[in-house]
Amino acid sequence: MSGPFEGVRVVDITTMLSGPWATTILGDQGADVIKVEVPGKGDHVRSLGNRRGGMSSMFLNINRNKRSITIDLKKPEGRDLLLEIAKTADVFIQNFRPGVVERLGVGFEDVKTVKPDIVYLSLSGFGEKGPWVHKPVYDPVIQAISGLTTIQAGSDEERPRLVRTVLPDKFSAMAAAQAMGAALFRRERTGEGQHVRLSMLDAILSFLWASDFGAQTYPQAEVSNQAAASFIDLIYRTKDGFMTVAVMSDREWRGLCEALDRKEWLEDERFASPAARDAHVNERLEMTQEVLRERTTDEWMDILEKCGVPCSPALSRRDVADHPQVVASEILFESDHPTAGRIRQTRNAARFEGSPATNRSGAPQLGEHCADILLEVGLAEDRIRELHAQGVIGGEQDITLNAVSVAAE
């Protein structure tokens, strides 16, 4: 077996990060993902930097376990061809701006006509209604409108700051993957497909609300500017680097006081309870910082762990892969890509004992599987050649014609 979604076919016409990573999660878990791209151009992520063998690292990381076909959806023959492929699919996912797929003739109703039980997911920036529906969207826009940049700043009074990773994009991908799985589960129970709609704004607000919008949880309450939890984050400088130390419970606070040899802090009324420690968070963290400067990170790790205090070195990216816990988790694996060579990636995070996720293939070359896919859905070889000649499908690297020739032998 190759994962819990073995036997599920996904037609993916998304680009950039959130949609492609969502379908890679399903691909890792066994689904047959058909990536539909623009002939001669492909997904924009293909053109990004950090390249080897003509492949960008980001494209490699979020498009493995897929097959690529290039179709010009602006041509009626291209639309018809995509609908022919959709007849064989279980899931169809798109992330065009609202209204575009309908104009192209591959919206939910169009696909449902040829595949009544399809699970169709539309991923957008802001959803389908409201004054911002047609605005162009990138991750920083969602960070700003969702309040994430202010949360990152630590206070409503401070200058908003971006999280230095594309968090809304990434969480939207995970939310989309979960939603597709949930819709497939319902289809198994009822036999019915459905249209699933997900916006990046909705995804990130649902992610943030549980812990970062406490003051907004009570609708009738008057809300002032959000005060900072602390103007000092939980990354401390040590004698030779940086580390984090985090304490929540009274037991952990006692352990910290013991580890730092500051038993007198236990008698300090400012720190006598979790609420008191929160009220005096800046003083507490400043005092902790002064002590941590006295020893190296490794020395503190040994002392703090013996006292039951949650802690970790703050690793640089180049050090993460070799950390003993990362090695033990086996989250990283290496494989050989046909053009990019030896690459290192993370496996699918969830481990399925009964149907393990696998890395069946690396990210595809543009249009690599045109002929294979079209032969599978029943097109004759002459028709494939005709579509190629008309520019409806791409012939990148002459892959299409070669594949047809091989199939005919």
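Residues are numbered from 1 along each chain as its sequence is written, and side-chain values use heavy atoms, without hydrogens and water.

Strands are DSSP runs of E with at least two residues, and helices are runs of H or I with at least four, numbered from the N terminus. β9 and β10 (residues 242-245) run antiparallel and are joined by three bridges; pairing requires at least two DSSP bridges. The open, antiparallel sheet has three strands in the order β9-β10-β11. β9 (235-237) and β11 (311-313) are its edges; each has a single partner strand, so one side of each lacks a neighbour in the sheet. Helix α12 (residues 281-292) lies across β9 and β10, at about 40 degrees to β9. Axes are lines fitted to C-alpha atoms, for helices over the stretch in contact, with angles from 0 to 180 degrees between N-to-C directions.

Helices α8 (residues 167-190) and α9 (residues 200-212) pack at about 95 degrees, with axes 9 Å apart. α8 is therefore roughly perpendicular to α9 (65 to 115 degrees). Contact means heavy atoms within 4.5 Å. Among the contacting residues are Phe171 of α8 and Phe207 of α9.

Mean pLDDT, the predictor's confidence per residue from 0 to 100, is 93 for the protein. pLDDT stays under 50 over residues 405-409. Where pLDDT is low, predicted coordinates should not be read in detail.

Conventions:
This is a predicted model: local features need pLDDT of at least 70, side-chain atom pairs count only at pLDDT 80 or more; totals for chains, interfaces and linings use all residues. Angles under 35 degrees count as roughly parallel, over 145 as roughly antiparallel, 65 to 115 as roughly perpendicular and the rest as oblique.
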